Amino acid sequence: MSTKTKDHWSSEAYATSASFVPQLTQTVLRYLDPQPTDRVLDIGCGDGKFTANFLSSVAYVLGVDASPAMIEHAARTYGSEKAEFRVVDCRFLERERDILDKGWDKVVSNAALHWILRDESTRLSTLRAIYDCLKPGGTFVFEAGGHGNVSEMMTAMLWALVHHGLSIEEARAATPWFFPSDVWMKDALEGLGFRVDKIELEYRPTQLTTAAGGGLPGWIRLMGAQMLDALPEEKRELVVKEVCDVLQTVVTRDEDGSQWLGRNIVSS
């Protein structure tokens, strides 16, 4: 996989189609237990809205993310003497010696590892780099999509790509997520030297946004952008419509018309 990838992200699109993500942070923040002396590395910090939840409670935060657009927004909105944001491809975190050598009290990641760990060739090296950058006795806390996450969306998107000419192998290769089970994650972390105090897989259905440009079509265009890119440009909006049509009765509640995706979250 190339180290240079197309940046599909923007703070505006994220706020329109995925504003629920930084709001669903109660579990990871409770596990993080921010303290005034903590120096925290935030992996996949995005636009900084999650980081802002604990920024005032710690000594210093470095947020890293592969998206220049999201980092620019985070730095402009939340940057200060105690909060720095930097563009880093976290698949290759072990190359960032100035980050690894600082010895972090805590490393945290919210709704990002299922993107970062998609690349199987760098999956374990990324987790190993997180282990290496912690102080002895430091803490790694995360939430990410777990096994079975957004399964209805995954199925519909795979079907649509195959329907428009891709092989099932090509469609699977275009999938941008890795959704591990709690068993896989526990085994991987312990194999690298972590002591896993707690890990759980939680079913957490999530309501899609209702903003103009958001909802189900907005989610597909933003979260599924890499899958759409596997098709010629002229077919992409047709796929968005087809997936929405297929999922309409699956995700829509009859009582009020609200739309929900089934989300499995692994946290540790």
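User: Let us start with strand pairing. Which residue of strand 3 is the bridge partner of Gly63?

Analyst: In general, side chains in a regular strand alternate between the two faces of the sheet. Here, in a model that is predicted, Gly63 has Phe85 in strand 3 as its bridge partner. That bridge belongs to the pairing of strand 2 (residues 60-65) with strand 3 (residues 83-87), which is parallel and runs over five bridges.

User: How many helices and strands does the protein chain have?

Analyst: The secondary structure amounts to twelve helices and nine strands. The radius of gyration of the protein chain is 18 Å, close to the 18 Å that the globule rule gives for 268 residues, so the chain is as compact as a globular protein of that length. Along the principal axes, the C-alpha trace spans about 50 × 35 × 30 Å.

User: What share of the residues is buried, and what share of the contacts is between residues 24 or more positions apart?

Analyst: Buried residues are 53% of the 268 in the protein chain. Among contacts with a separation of 6 or more, 74% are between residues 24 or more positions apart. The chain exposes about 12,300 Å², and carbon and sulfur atoms supply 51% of that area.

User: Take one residue as an example. Is Thr126 buried or exposed?

Analyst: Thr126 has a relative accessible area of 1%, under the 20% limit, so Thr126 counts as buried. Its place is in helix 6 (residues 123-133). Leaving out residues up to four places away in sequence, Thr126 touches Cys90, Arg91, Ile116 and Leu117.

User: And Thr210, where does that residue lie?

Analyst: Thr210 lies in the loop between strand 7 (206-207) and helix 10. With 76% relative accessibility, Thr210 is exposed. Thr210 and Ser258 are 48 residues apart along the chain, while their C-alpha atoms are separated by 8.4 Å.

User: Now salt bridges. How many are there by the rule used?

Analyst: Side chains of opposite charge can pair when their charged atoms come close. The count for this model is 17 salt bridges.

User: Which residue does Glu237 pair with, and which parts does the pair tie together?

Analyst: Glu237 forms a salt bridge with Arg221, with the closest N and O atoms 3.0 Å apart. Glu237 is in helix 12 (residues 233-251) and Arg221 in helix 10 (residues 215-223), so the pair ties together parts that are 16 residues apart in sequence. Both ends are partly exposed: Glu237 at 46% relative accessibility and Arg221 at 37%.

User: What separates Lys241 and Asp245 in helix 12?

Analyst: Lys241 and Asp245 are four residues apart in helix 12, which means that about one helical turn separates them. The closest N and O atoms of this salt bridge are 2.9 Å apart. Lys241 is partly exposed at 49%, and Asp245 is partly exposed at 47%. Elsewhere, salt bridges with shared partners join Glu84, Arg86 and Asp98 into one network.

User: How far apart are the closest N and O atoms of Glu200 and Lys198?

Analyst: They are 4.0 Å apart, and the pair is a salt bridge. The cut-off is within 4 Å. Glu200 has 25% relative accessibility and counts as partly exposed; Lys198, at 45%, is partly exposed as well.

User: Last, backbone angles. What is phi of Ala111, and what is phi of Val150?

Analyst: Most residues other than glycine have a negative phi. Ala111 has a positive phi near 60° and is not a glycine. Val150, also not a glycine, has a positive phi of about 35°.

User: Where do Ala111 and Val150 lie, and is each buried or exposed?

Analyst: Ala111 is in the loop between strand 4 (104-110) and helix 5 (113-116), and is buried with a relative accessible area of 17%. Val150 is in the loop between strand 5 (134-145) and helix 7 (151-163), and is buried with a relative accessible area of 1%.

Notes. Residues numbered from 1 in each chain as written. Predicted model: local features only at pLDDT ≥ 70, side-chain atom pairs only at ≥ 80, totals over all residues. Heavy atoms only, no water. Salt bridge = Lys/Arg side-chain N within 4 Å of Asp/Glu carboxyl O. Buried < 20%, exposed > 50% of the residue type's maximum accessible area, 1.4 Å probe, protein only. Helix = DSSP H or I, 4+ residues; strand = E, 2+ residues; numbered from the N terminus. Pairing = 2+ DSSP bridges. Rg over C-alpha atoms; globule rule 2.2 N^0.38 Å. Contact = heavy atoms within 4.5 Å. Areas by Shrake-Rupley, 256 points an atom, 1.4 Å probe, with all protein chains shown as cover.
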